[in-house]
Amino acid sequence: MLYSPKKLFLFFLSCIVMLVNYNNSGFATAANSIGLNYGLLGDNLPSPSNVINLYKSIGVTKIRIFDPNTEVLNSLRGHRDIEVTVGVKDQDLAALAASEEAVKGWFAANIESYLADVNIAFITVGNEVIPGPIGPQVLPVMQSLTNLVKSRNLPILISTVVAMSNLEQSYPPSAGMFTSQAREQLVPVLKLLSQTSTPILVNIYPYFAYASDPANIPLDYATFNTEAIVVQDGPLGYSNMFDAIFDAFVWAMEKEGVKDLPMVVSETGWPSAGNGNFTTPDIASTYNRNFVKHIASGKGTPKRPNKGIDGFLFATFNENQKPAGTEQNFGLYNPSDMKPIYKLF
């Protein structure tokens, strides 16, 4: 069954109301706590201008794109109420890491012309490349971009996006620790970020943990659908897996001497198809609805209580050029008619 964008807007609006209860800085700050990833790996996607109109109609004021797509950025001109996170493509990292002049050239070609009328809040250097063979290229590019935006007093934060593959251990959360490769590649990045309290962006997917071990992970725990404590970790009790994963990363950072660094959840979501009974529209709806409620509550996590979390749902559309299976089914909307795939509340 299809549901109107208006209903989804009312849902986001209800979340904004809850956010304002603990954050009195106004509508924009409240709305910006939840954003959407805007992927472009499809041959049947709506035009960027129509997508921007969709975002505005449902009250979304924060989006993430994976590269500096010209058509998308041009469509955002004049819509400064929408904060944009722009990614540096992984395949560009090698050349940029080798030369600060190359970084200046990249910025001039991809960002400069939009500064006046597009609200670029973050530039992310690479997507889940740490830990890995090109992971060492992230730090020098981040340093060059950080120096560039500072020298021009631009309000753009420079970071990177990482996955939970950086964790060697994550259960219980207090045992969270990085792999040796993550220590080598990620910790210097975290220390750079900590100098300016710039957030690290992390992708958190309870779906993958649940799908790999459904016998031992309760579905309600994976989808925020219980208030009961499922995992007791010393004095900290966990009723949902998202918080447990988030806090495991926090513990791992603290063990490397990085404390109080902000974290933004750059991706989370649940596929609505592609893996049998693990991926139904009902389960996807439950997870995404409860994630938004959790963020809107402002209660944070057991390790970081009463600290608001910024998060991006993944993703806006089902993208038919991604790998077949679950990867094509994380979208909230059908690209053909821009209708919601399932009811969110």
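Trainee: What does Lys 303 form a salt bridge with?
Mentor: Its partner is Glu 254, and the closest N and O atoms are 3.1 Å apart. Keep in mind that this is a predicted model.

Trainee: Where do Lys 303 and Glu 254 sit in the chain?
Mentor: Lys 303 is in the loop between helix H12 (281–297) and strand E12 (310–313), while Glu 254 belongs to helix H11. The two are 49 residues apart, and the pair links distant parts of the chain.

Trainee: Is Lys 303 buried or partly exposed?
Mentor: Lys 303 is partly exposed, with a relative accessible area of 22%. Glu 254 is partly exposed too, at 23%.

Trainee: How many salt bridges does the structure hold?
Mentor: There are 8. One of them joins Arg 183 to Glu 256, with 3.1 Å between the closest N and O atoms.

Trainee: Which parts does that pair tie together?
Mentor: Arg 183 lies in helix H8 (residues 180–194), and Glu 256 in the loop between helix H11 (241–255) and strand E11 (263–268), so the bridge ties together parts 73 residues apart in sequence. Arg 183 is partly exposed at 31% relative accessibility.

Trainee: And Lys 104 with Glu 101, how far apart in helix H6 are they?
Mentor: They are 3 residues apart in helix H6 (residues 100–110), which means a separation of about one helical turn.

Trainee: Is Glu 101 buried or exposed?
Mentor: Glu 101 counts as exposed, at 55% relative accessibility. Lys 104 is partly exposed, at 39%.

Trainee: Switching to the inside. Which residues touch the most other members of the largest nonpolar core?
Mentor: Ile 123, Leu 145, Phe 178, Leu 186, Ile 200 and Phe 249, out of 96 residues in that core. H11 gives the most to this core, with 10 residues.

Trainee: What does Phe 249 touch?
Mentor: Leaving out residues up to four places away in sequence, its contacts include Phe 178, Leu 186, Ile 200, Met 164 and Met 263. Asn 166 is also among them.

Trainee: How many residues are in the other core?
Mentor: That core, which lies apart from the largest one, has 6 residues, among them Phe 122, Val 161, Leu 201 and Val 264.

Trainee: Last one, Thr 85. Buried or exposed?
Mentor: Thr 85 is buried, with a relative accessible area of 3%. It is found in strand E3 (residues 83–88).

Trainee: Which residues does Thr 85 touch?
Mentor: Not counting residues up to four places away in sequence, Thr 85 touches Ile 63, Arg 64, Ile 65, Phe 122, Thr 124, Leu 201 and Phe 312. Phe 122 and Leu 201 are members of the core of 6 residues.

How values were computed. Residues are numbered from 1 along each chain as its sequence is written. This is a predicted model: local features need pLDDT of at least 70, side-chain atom pairs count only at pLDDT 80 or more; totals for chains, interfaces and linings use all residues. Side-chain values use heavy atoms; hydrogens and water are left out. Helices (H or I, at least four residues) and strands (E, at least two) are DSSP runs, numbered from the N terminus. Buried means under 20% relative accessible area, exposed over 50%, partly exposed in between (1.4 Å probe, protein chains only). Contact means heavy atoms within 4.5 Å. A salt bridge is a side-chain nitrogen of Lys or Arg within 4 Å of a carboxyl oxygen of Asp or Glu. A nonpolar core is a set of buried Ala, Val, Leu, Ile, Met, Phe, Trp, Tyr and Cys residues joined through side-chain atoms within 4.5 Å.
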